[in-house]
Structure formats: structure tokens, C-alpha cells
Amino acid sequence: MLTIACIGFGVSVREYHLPYVEGREDVRVKYIFRREEDVPQFAGYEPFYPELTFTSNLDRVLADPEIDLVVVSAPDRFHVPYAKQILTAGKHALVEKPFAPTAAQAREVFALANEKGLVCMPNQNRRFDADFLAVQEVVRSGKLGQLVRLESHYDYFRPNGWYDHLGTLYNLAVHQIDQIISLLGMPERTRFDVRSIHHPGIGDDYYDLEFFYGSCKASVNTSMCVQIDYPRFTLHGTNGSFTLPPVIHNSGKAKPVGRHQISTAPAPRDRWGTLVYRDGAGQPVTEAVPVGCAHYERIYDSLIAAIEHGGEKCVRDEEVIRVLEILEEATAEAKSHGGEPK
């Protein structure tokens, strides 16, 4: 049994952590910690979780011998300090994205975890998005032949951009880059086009990041100036092509007050992918590729395997560091390439 405490009680904890561990026999959540000044923000949700102990005393949480793992779901600037405090207290840590502001700080955290013999990992749960799982299955099927091109789009139309400061790369691109690296490995080289359109010099509201793997190029793209959506994923290979519909953004969905319920139903047919390839006789074949549900619980499957059985973490340290290096380089591009919208 893995006993957990969570730092934070926002959307991430309520929608992407608690629902995926409740009912499991191998995981129990005991505490929710928040700073005193943060308590009022989501106090209305507390009555829906009577089994949890809410506290503003982190020392109490870290001193509790029952606690094995602490989940850090606090604002980005607290990720590294909390991770170090948790590890120093002898607890394992799961840290929300972005794991750290810089690759150097991530190395410090991983070094501390290794020194203490503890497991520390980022919550790169978007590896287990339903649509990305479908992409993985198509690539592994071999029906595309040799992969030549992969495009990942996560677009919006926001006349004032997403942030009036740097943040889009670290909050959106971090997932897209991690997905590419988890699927294709470390790129041989990279090329970045990052722009500061709505807030010149202080925002990062457009990016086109390219990753090269031999004869294959993958790119992750986000823009705040897209009214007609691109597909979420487009893949081309030497034997076929695959495309998936655009994402339905969670940010636009209503958030009713209550205990969040997850659906394990597959996606409706209009959210399925289309695969076109040549069969063994060279004839074109068109297939509808079902999209199931997200499997964010696999993060916890991996943590349990690593903590209790010494298994390899599903998100490796070197992958985390490479993603952060790319984010640092791309952010530097945003700062140096401002421009007014035309």
C-alpha cells in the first residue's frame, strides 16, 4: 500500500490525481496540504472528500511515517523547493509539470533523490492521453512504414494570447515535447521558431519546434491565432498516413463543484483517427482507428513498480532534463524575437 499526501487542491489534484487512485487497493491518499493563504480558494470542494485530512502543517505531513509519496501540485515556482524538502524528509516525490525551471535545477533534484535512494518523477501524464495512445498504437503497428513526418498541434484563438508573460512553452509545449521524446527518443538536432506576437518580448504565444530523427521530422506547434483547427496529430510514412481530429480543450469545459468523475468510455466516433495505408498487395486500405480513454493511472502504476520493486520509472531523468533544455532554448527565442501582430 502506497500512502500519499498531496500539496495543493486545485484542478490538477482533483481531476488528474484523486480520481485515478481512489478505489485502488494499492494506493491511499491521506493528506491534502495547502498554505493558509490558499485554503479559501477551493474550500467549497472539501466536503466532497470526507476521507481526506486537510492541513496547513507541512511538517506534520512530512513527519508522518505512514506517508510514502508526496505529490507536488503547487504553482511552478514552488516545484523545486518542495521537491527538495520532500526528499530531504525521506519521502518519494511526484512533481507536476514543469518539473523545474531549468535543466540544472532538475539535475540537482535528481541528484538528491539518488543520494537518498528515493524515487522522484514529473507527472508527465499526457503520455497517457487517449489520442496519443492511439498514435502510439498506429506507429507500433508498422502500417505507416518508415515514419517520415509527425505534426502535433495544440491551438487556440485568443485575441490577447494565452499569457501576458512567458508561460505557454512551460505549460503546453512541455507535454507535447515529452510526448515526442517518449515516442521517438532523443532528437539528433532541433530547430525552433518561437514568437512573441501579442505581448512582444515578454510572451511566448506561438511556437513551431522541430525535432529531427534521420529522415524523419517531428514538430510541435501552438498558436493563439487559429480559428480553423488543424488536426491534433498528423503522421506520414513511406507506406501510409494517419490523422486525428483536433483536441477538445479542457479549459473551455464547465467545472461543476463536486467530486470529479472520470469516464472510461471510448471517445465518440467523430473523435476517432483515420489511417490510410497500402496492404501487402499494394492496394490502398482505409481504417477508422478507435480512440479509447485516458489512462493517467499508469503514472501511479509506474511509481509503485519503481518504489516497491525497483522498476524503471516511465519518465526517465534524462528525458526530463532534455525536455527542460529544449524549453530553455525555445524561451530564449521568444525573448529575442518579438513582433507586433499585423
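Colleague: What makes up the open sheet, and in which order do its strands lie?

Modeller: In this predicted model, eight strands form the open sheet, in the order S8-S9-S10-S7-S11-S12-S13-S14, with mixed pairing. Strand S8 (189–195) and strand S14 (284–289) are its edge strands. Neighbouring strands are turned by 10° against each other on average, direction ignored.

Colleague: Why are S8 and S14 called edge strands?

Modeller: Because an edge strand pairs on one side only, and each of these two does so.

Colleague: How do you know that S8 is paired with S9?

Modeller: Pairing requires at least two bridges between the strands. Seven bridges join S8 to strand S9 (residues 206–213), and the two run antiparallel. Arg 195 stands opposite Tyr 206 in S9.

Colleague: Which helices pack on the sheet, and what do they touch?

Modeller: Helix H5 (residues 130–141) touches strand S11 (233–237), strand S12 (240–244), strand S13 (273–278) and S14, and its direction makes about 5° with that of S11. Helix H8 (residues 317–336) touches S8 and S9, and its direction makes about 40° with that of S8.

Colleague: Why is H5 called roughly parallel to helix H6?

Modeller: The axes of H5 and H6 (residues 168–184) cross at roughly 25° and come within 11 Å. Angles under 35 degrees count as roughly parallel, so H5 is roughly parallel to H6. The crossing is right-handed.

Colleague: Which residues make the contact between H5 and H6?

Modeller: From H5 they are Phe 132, Val 135, Gln 136 and Val 139; from H6, Gln 179, Ser 182 and Leu 183.

Colleague: Which peptide bond is cis, and what is its omega?

Modeller: The bond from Lys 97 to Pro 98 is cis, with omega near -15°. Most peptide bonds are trans. Pro 98 is in the loop between strand S5 (92–95) and helix H4 (103–116).

Note on methods
Residues are numbered from 1 along each chain as its sequence is written. This is a predicted model: local features need pLDDT of at least 70, side-chain atom pairs count only at pLDDT 80 or more; totals for chains, interfaces and linings use all residues. Side-chain values use heavy atoms; hydrogens and water are left out. Helices (H or I, at least four residues) and strands (E, at least two) are DSSP runs, numbered from the N terminus. Axes are lines fitted to C-alpha atoms, for helices over the stretch in contact, and angles run from 0 to 180 degrees between N-to-C directions. Contact means heavy atoms within 4.5 Å. Angles under 35 degrees count as roughly parallel, over 145 as roughly antiparallel, 65 to 115 as roughly perpendicular and the rest as oblique. A crossing is left-handed if the near helix is turned anticlockwise from the far one by less than a right angle, and right-handed if clockwise.
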